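Me: I would like to go through this model and ask what stands behind the labels given to its parts. Please set each value against its cut-off.

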Amino acid sequence: MLNAKNLNAKFNLKMIEYRYMNEATNSIIRTRFAPSPTGFLHIGSLRTALYAFLLAKHESGDFLLRIEDTDKKREVEGAEDALKEILTKFGLIWDEFYKQSERLEKYLKAAQKLVEEGHAFYCQCKPKNAKVEGFSNVLRDPCRDKSLKSGAVKLRVPENQTLSYFDFVHKKEISWKSDTVYDATLLKSDGYPTYHLAVAVDDLDMKITHILRGHDWLPSTPIHLLVFEYLGGKAPKIGHLTDILSSETGKKLSKRRDSVFVEQFVNDGYLEEALLNFVLLLGWAPKDNKELFTLDEMVKVFDINGFQEANPRFFMDKLNWMNGQYIRNLPMEDLNSKFQMTNAKFKALDNKKQLEITKLLQERMVKLTDLNTLAKFFWEKPDVDISLFGENYKKHLEVANEVVNNIDEWKLEVLNEKLMERIKSEGFKVGDFFMSLRIAITGMKFTPPINDSIIILGKEETIERLTSVITRSKTTK
RNA sequence: GGCGCUAUCGUCUAUCGGUUAGGACAUCGGGCUUUCAUCCCGAAAGGCAGGGUUCGAUUCCCUGUAGCGUCACCA
């Protein structure tokens with residue numbers, strides 16, 4: 001397990017090269033990724049984090065990680081460390097780290113200030129649960145004018161005001177009438193802030209210049225605008241990203257129906273680089289339509305004008321293609337070690353054999369986990385289904401067995417040559433012959449090149465598999 | 001229902017008033033090939049609808065339609 005402290009030390013060092021003061025404004029761009037520690041990393045969150053990272057790093061700015069752990073009920077043990085580890089794995093390294101539960105004092109003070117200045121009030125109503133009660137059209141809170149002295153703190157939304165901001169993703173001004181904004185809770189009765197208070201306090205405090213967040217936050221932006229104003233600060237620039245939609249339902253990705261967790265994809269055999277690249281293009285595009293990027297290249301070309309405004313659907317086709325591209329571009333040794341982590345049986349193989357197999361597989365894989373099926377026959381005798389064979393297979397196999405038996409120099413060229421000689425003299429159809437051989441050795445019709453595979457398997461093993469099928473075939477029709 | 005966002009091939013997208021509307025994935029066809037792949041070549045496929053503005057709209061405006069989001073002491 002990676003140690004976050006070491007990481008920070010290590011990466012701050014690295015980030016120093018990136019950092020410089022923006023000469024034009026004399027201020028540095030600062031963005032943040034602010035997840036709640038409630039479980040695995042959502043694919044949409046990875047994208048948000050990526051964009052925030054790129055936005056900052058393109059201008060040599062700072063990228064902060066802020067854990068929003070203000071809801072004790074939903075917090076998941078170990079989620080914070082898992083989050084740090086996976087972000088690190090993807091190369092999204094933060095310059096500063098914060099945790100909201102360690103800053104409770106600040107929120108409390110902010111809430112008190114707002115009450116004192118008349119912009120918020122105490123409320124002792126029983127909390128409602130929208131999930132079970134449905135949507136509500138009651139905007140003004142009954143405690144608004146009661147002047148209570150304790151309880152939860154709620155925002156006193158003004159009447160007849162227009163609340164607006166310029167969204168840098170949508171590139172337009174978005175506004176609301178304050179009459180449509182509800183008196184949101186800022187501080188819960190347990191003393192913890194809600195998101196609405198905590199973002200404003202923190203973003204001001206941490207000098208965040210750009211808020212980049214999911215589209216689902218757009219409707220509550222007017223609340224934040226008010227809090228920023230009442231806290232006496234200037235709101236950062238704000239941009240709302242599109243939602244990623246399910247390819248099947250066309251609705252926001254859901255944990256129940258769709259695969260949404262980054263860890264899941266990694267386990268399924270997708271490379272971090274491919275995942276990052278895929279997610280980059282789901283909601284952002286460069287002018288020249290370039291498709292394959294390393295992280296460094298992303299940082300270099302990232303442009304705030306490239307954001308997409310319409311919700312994309314999460315189709316896997318392109319991810320699969322990209323993953324294949326990345327696998328093919330991987331140095332053999334790297335692929336090999338990834339294989340070792342994917343499959344223990346592969347790892348147990350002789351090192352030289354491992355590399356040879358890797359070489360054969362590299363061009364025919366979509367995911368790392370394809371290793372488990374494509375190369376299974378290397379470490380496990382196949383369960384050969386006789387009905388798979390075509391005509392003349394018995395003859396084919398007997399000839400193959402004979403040729404293999406007579407080879408002294410166990411080399412690919414020799415095997416090729418001897419086999420072809422006999423195929424010719426026997427008058428076999430080349431394709432048919434090799435298909436019989438392929439099925440007998442691997443149990444499958446689709447495999448890596450069969451002669452190469454046979455060389456890797458070894459003479460003894462090959463003969464064993466061949467004779468096993470030949471003897472079985474004698475008892476069959 | 002209120003509020004808000006959005007609308008180019010099946011999918012991801014380019015275009016910032018004038019283009020045969022371009023690319024990629026997927027699909028289909030062909031080449032290479034002992035299978036499957038990889039690789040190469042080619043094809044089919046798109047501006048939600050109706051009004052404006054304009055010499056000219058995919059592009060700007062309005063309306064409609066559709067989709068998405070949100071309306072908690074969750075983030």
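**Labels and their grounds**

Reply: This is a predicted model. Helix 6 (residues 195-205) is largely enclosed by the rest of the structure, because 8 of its 11 residues are buried.

Me: Which residues of helix 6 are the buried ones, and what do they pack against?

Reply: The buried residues are Y195, L197, A198, V199, A200, V201, D202 and D203. The buried residues of helix 6 pack against strand 2 (62-67), helix 4, strand 8, strand 9 (210-214) and helix 7 (221-230). After helix 6 comes K207, with a positive phi near 55°.

Me: Why is strand 2 called largely enclosed?

Reply: Strand 2 has 6 of 6 residues buried, so it is largely enclosed by the rest of the structure. D62, L64 and R66 point one way, F63, L65 and I67 point the other way, and all are buried. In a regular strand the side chains alternate between the two faces of the sheet.

Me: What makes strand 1 and strand 2 a pair?

Reply: At least two bridges are needed for a pair. Strand 1 (residues 30-33) and strand 2 are joined by 4 bridges, in the parallel sense. The bridge partner of T31 in strand 2 is F63.

Me: What makes K109 exposed?

Reply: The limit for an exposed residue is 12 or fewer C-beta neighbours. K109 has 11 inside 10 Å, so it counts as exposed. K109 lies in helix 4 (residues 104-116).

Me: How far is K109 from G458 in sequence and in space?

Reply: The two are 349 residues apart in sequence, and their C-alpha atoms are 74 Å apart in space. As for domains, the assignment for chain A gives domain 1 (4-100 + 243-314), domain 2 (103-241), domain 3 (330-379) and domain 4 (386-475). The centres of domain 2 and domain 4, taken over C-alpha atoms, are separated by 73 Å.

Me: How many bridges join strand 4 to strand 5?

Reply: There are 4 bridges between strand 4 and strand 5 (residues 152-155), which run antiparallel. The cut-off for a pair is at least two. F121 stands opposite K154 in strand 5.

Me: Why is helix 18 called oblique to helix 20?

Reply: The axes of helix 18 (residues 412-426) and helix 20 (residues 450-457) cross at roughly 125° and come within 9 Å. Roughly perpendicular covers 65 to 115 degrees and roughly antiparallel needs over 145, so an angle between those ranges is oblique. That makes helix 18 oblique to helix 20. L412, L415 and N416 of helix 18 make the contact with N451, D452, I454 and I455 of helix 20. The crossing is right-handed.

Me: What makes helix 17 roughly perpendicular to helix 19?

Reply: Helix 17 (residues 393-405) packs against helix 19 (residues 430-442) at an angle of about 75°, with the axes 9 Å apart. The range for roughly perpendicular is 65 to 115 degrees, and that label therefore applies to helix 17 and helix 19. Y393, H396, L397 and A400 in helix 17 meet F433, S436, L437 and A440 in helix 19.

Definitions and conventions. Residues numbered from 1 in each chain as written. Chains lettered and ligands numbered in written order. Predicted model: local features only at pLDDT ≥ 70, side-chain atom pairs only at ≥ 80, totals over all residues. Helix = DSSP H or I, 4+ residues; strand = E, 2+ residues; numbered from the N terminus. Domains from an automatic or database assignment. Buried ≥ 20, exposed ≤ 12 C-beta atoms within 10 Å, placed from the backbone. Axes fitted to C-alpha atoms, helices over the stretch in contact; angles between N-to-C directions. Parallel < 35°, antiparallel > 145°, perpendicular 65-115°, else oblique. Left-handed = near helix turned anticlockwise from the far one by under 90°. Contact = placed C-beta atoms within 7 Å.
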